[in-house]
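Q: Hi! Could you walk me through this structure in plain words?

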Amino acid sequence: MDQGVNVTDYRCEQVNEECEGFAYKAEMRKIREESVLADSFLFTWGDGHDGKLGHQSEESLFVPYNVTILQRLRIKSCALGRKHSLFLSAEGTVFACGNGQYGQLGTGSALDFRSTPVHVQGLQKVRQLAAGDYHSIALLEGGALYSWGSGSWGKLGLATDSNVTAPRVIAALTTSIVEQVRKRRRWLVEVACGSHHTVCSTFAGDVWSWGKGLRGQLGHGAMHEEYSPRLVSRLRKQQAFKISCGRDHTLVLCNGGILYSFGANGEGELGLGDSLDRS
C-alpha cells in the first residue's frame with residue numbers, strides 16, 4: 001500500500017547541553033526531502049491508531065510521510081484531537097480523518113472511521129480550527145462558530161450534552177453579521193479547546209468559555225460545567241488577544257503582556273508557584 005512520500009536521509013547529531021546545572025543530550029535531526037512534491041507539504045507521523053495520520057492505514061510512522069490525498073490542496077493549518085485530525089485548506093474547507101465514534105469527524109455519522117481525510121460538508125470560509133479530545137470547533141470568516149462531536153460536559157456550547165455528528169452553529173454566540181459589525185462586539189476572533197472545554201475571544205477582547213469546569217478551567221470562579229457559552233467576567237476590559245488551552249487549564253494573554261492562567265495546577269501548569277487549582 002502506498003504510504004505517501006517518504007522522508008529520507010536522516011543525519012543525527014548528539015549535542016551536549018547544560019541547563020540550570022543539569023547536563024542532558026539532545027538529538028538534532030536534519031531532514032531532507034528528496035522527492036519533488038506537487039503543491040502540498042503536509043506531513044504526518046507518530047501513532048497511527050484509528051487512522052488519524054491520514055495514510056489509509058493504522059500503521060504508526062516513525063518518520064514524516066506526505067499525506068498524498070491532500071497533496072493537490074494547500075493545507076494551512078491542522079487541529080489534532082485524541083483520536084482524530086482536522087485539516088484546514090487555504091480556501092477555507094475542512095477535512096477530517098480518524099475515529100469518529102462521537103461524531104467528531106463531522107461526516108453526519110456516529111461510529112465513523114476514516115483512515116484518509118474526507119471533506120466535512122456544511123462549512124465554508126473557515127478561518128480557524130480547534131479540537132478537544134473528542135470534539136471539533138470551526139471559526140468562520142464571518143465570526144460564526146460551529147461545533148460537533150462529543151457533547152459531554154456541554155463542551156459543544158449547544159445547551160445540551162448530546163453528541164452531534166455534523167457541524168452545528170453555536171447560536172448563543174451568533175447574532176446577525178450586521179449587528180456584530182455595528183457594535184464591534186461578540187465578533188469572534190479566536191477559539192481554543194482543552195480536553196473537554198472550549199474558550200473563545202472576541203474583537204472587543206472579551207473571553208467566553210463553556211464545557212467541563214471541575215478544575216476551574218472556565219474561569220468563572222466556580223468548579224462546575226457550563227452547557228452554553230458564558231462570559232468570563234473577571235477578564236472584561238482586559239483586552240484579551242491570545243488564548244490557549246491545556247487538558248484542564250486555560251491561558252489568556254491580554255494587552256500589556258499580562259498573562260492570566262486558571263484551571264488544573266497539580267503539576268504547576270499555571271505557573272503561579274504552587275500546585276493549587278484556580279477558578
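Predicted model: local features only at pLDDT ≥ 70, side-chain atom pairs only at ≥ 80, totals over all residues.

A: Happy to. Residues are numbered from 1 along each chain as its sequence is written, and side-chain values use heavy atoms, with hydrogens and water left out.

Q: How far apart are the C-alpha atoms of Lys76 and Ala90?
A: They are separated by 5.6 Å, while the two residues are 14 residues apart along the chain.

Q: Is Lys76 buried, exposed or partly exposed, and why?
A: Lys76 counts as partly exposed because its relative accessibility is 46%. The cut-offs are under 20% relative accessible area for buried and over 50% for exposed, with partly exposed in between (1.4 Å probe, protein chains only).

Q: New topic: how many salt bridges does the count come to?
A: Nine salt bridges. The rule asks for a side-chain nitrogen of Lys or Arg within 4 Å of a carboxyl oxygen of Asp or Glu.

Q: Which residue does Arg74 form a salt bridge with?
A: With Glu91; the closest N and O atoms are 3.1 Å apart. Arg74 sits in the loop between β4 (61-66) and β5, and Glu91 in the loop between β6 (84-89) and β7 (94-100), so this pair ties together parts that are 17 residues apart in sequence. Arg74 counts as exposed at 52% relative accessibility, and Glu91 as partly exposed at 45%.

Q: What about Arg114, which partner does it have in a salt bridge?
A: Asp112, with 3.2 Å between the closest N and O atoms. Arg114 is partly exposed at 31% relative accessibility, whereas Asp112 is buried at 10%.

Q: And where does Arg278 come in, which side chain does it meet?
A: The Arg278 side chain meets that of Asp274 in a salt bridge, 2.8 Å from N to O. Arg278 is partly exposed with a relative accessible area of 26%, and Asp274 is partly exposed at 27% relative accessibility.

Q: On to the sheets. What is the strand order in the open sheet of four strands?
A: The order is β13-β14-β15-β16, with antiparallel pairing. Two strands pair if DSSP finds at least two bridges between them.

Q: Which strands stand at the edges there?
A: β13 (188-193) and β16 (226-231) do; each has a single partner strand, so one side of each is left without a neighbour in the sheet.

Q: How many bridges join β13 to β14?
A: Five, and the two strands run antiparallel, β14 covering residues 197-202. Leu188, for one, has Thr202 in β14 as its bridge partner.

Q: What about the open sheet formed by three strands, what order is that?
A: That one runs β17-β18-β19, again with antiparallel pairing. Its edge strands are β17 (240-245) and β19 (258-263), each pairing on one side only.

Q: Last one: what stands opposite Ile243 in β18?
A: Val252 does. β17 and β18 (residues 249-254) pair in the antiparallel sense over five bridges.
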